[in-house]
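Subject: Structure for you to look at

Hello,

I am handing over the structure below. Please look through it before reading my notes, which follow it.

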Amino acid sequence: METMYIFYDGKIVPENEVHISVRCKGFNYGLGCFEGIRAYWDEPGKQLYGFRMQEHYERLLQSCKTLYIPIPYTADELCRATAELLRKNQCRSTTYIRPLAFKGSNQIAPTLLDDDNRLVIYCQPMGNFAGKDELRVAVTSWERLSDNMLPPRTKPTAAYLNSGLASLEVVRRGYDEALFLTRSGHVCEGPGENVFMVRKGKLVTPPPSDNILEGITRDTVMTLAREELGMEVVERSITRTELYAAEEVFFSGTAMEVVAVVEVDDRTIGSGHQGPVCRQLKELFFQVATAKLKKYAGFCYPVY
Ligand SMILES: Cc1ncc(COP(=O)(O)O)c(C=O)c1O
């Protein structure tokens, strides 16, 4: 296998030279937070574009601040380091980038009070993550973590056990993906994606106060719906049965991109197929991500 390079402790090094102890607190207790970023390959222009990298790194730095895992870089420096890493690995296809900040010490106490803060960034090719264009979804019996437990806004590594339990439950029952509700029964998000519905012609999505991750794809979708489709976009709480009555439901996320949800809890949504709003937003999203729309050129960070 070809040597893969990763960014670790301020340097780009071969992945097999990095050894992290089994005693590491980040590993034992999930004391960490992370990002997921995509870089899109544009074949005609032979260019790789990091998608909204600056915003992803700003979100990571905010998460690190909240969780007391400070890392000594600016968002700008992290963008530059990531571009260097992508070049070093000669990435020439759409790539997923994983920056992960964690507590590296081997102390047994799960405290956040020590100074051993580390950052690793690795990358790997990633195509269509969902594997399907239309998903069947079910509400999980697992409740989404709240801001006062383990703030989903910070993308904490430990929170993905909550995501994993939800996915396990519904995938074993034959669905494609899970949907979380909050303790008060509001629609929240998927295990790794935000949710939208089209209801009476408006695009509606849960607000940050319903314990969602404030997704960067979500923000992109809201912008494109307003600016390019002229739609009214509303952030408000959604109840479960409102989804059953929606014209369309879809997910958004870095890995999932934009993907239609055609069934929720065995109720067909709209026509039972990807609807026109989802289709248009998906097409626009891919145009933006590969720097085809000048207006959104600022979202694309050229690597080469
Ligand atoms: C729990 C959760 N919600 C939403 C998202 C979507 O966020 P983004 O669009 O920034 O990738 C993700 C993925 O990062 C996620 O893990």
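The notes below cover the pockets, the cysteines and one arginine.

This is a predicted model, in which local features need pLDDT of at least 70 and side-chain atom pairs count only at pLDDT 80 or more, while totals for chains, interfaces and linings use all residues. Residues are numbered from 1 along each chain as its sequence is written, and side-chain values use heavy atoms, with hydrogens and water left out.

Pockets

A pocket is an open set of points on a 1 Å grid over the protein atoms alone, where a 1.4 Å probe fits, with protein on both sides within 12 Å along at least five of seven lines; lining residues have an atom within 4 Å of a point. A volume is the space filled by probe spheres set on the points.

The largest pocket has a volume of about 860 Å³. Its lining has 42 residues, and Phe-34, Tyr-96, Arg-98, Lys-155 and Tyr-160 lie nearest the centre. Strand β6 gives the largest share of that lining, 4 residues. (Helices are DSSP runs of H or I, at least four residues, and strands are runs of E, at least two.) The largest pocket lies between domain 1 (5–125) and domain 2 (134–289), because both give residues to its lining. The domain bounds come from an automatic or database domain assignment.

The second largest pocket holds about 180 Å³ of space. Of its 14 lining residues, Arg-59, Arg-153, Glu-214, Gly-215 and Ile-216 lie nearest its centre. Two or more lining residues come from each of α2 and α5, and the largest share, 5 residues, is from α2. Domain 1 and domain 2 each supply at least three residues to the lining of this second largest pocket.

Cysteines

The structure holds 0 disulfides (a disulfide is a pair of cysteine sulfur atoms within 2.5 Å). The sulfur of Cys-79 has its closest cysteine sulfur in Cys-300, 13 Å away, which is too far for a bond. For Cys-123 the closest cysteine sulfur is in Cys-91, at 4.1 Å, also too far for a bond. Cys-79 is buried, at 0% relative accessible area (buried means under 20%, with a 1.4 Å probe and protein chains only). Cys-123 counts as buried at 5%.

Arg-38

Arg-38 is in strand β4 (residues 37–42) and is buried, with a relative accessible area of 1%. A polar atom of its side chain lies 2.7 Å from the backbone oxygen of Ala-255. The Arg-38 side chain also makes a polar contact with the side chain of Glu-257 (3.5 Å). A polar contact is a pair of N or O atoms within 3.5 Å, where within protein one must be able to donate a hydrogen and the other to accept it, and residues adjacent in sequence count only if both atoms are side-chain atoms.

Regards

Note on methods. Buried means under 20% relative accessible area, exposed over 50%, partly exposed in between (1.4 Å probe, protein chains only).
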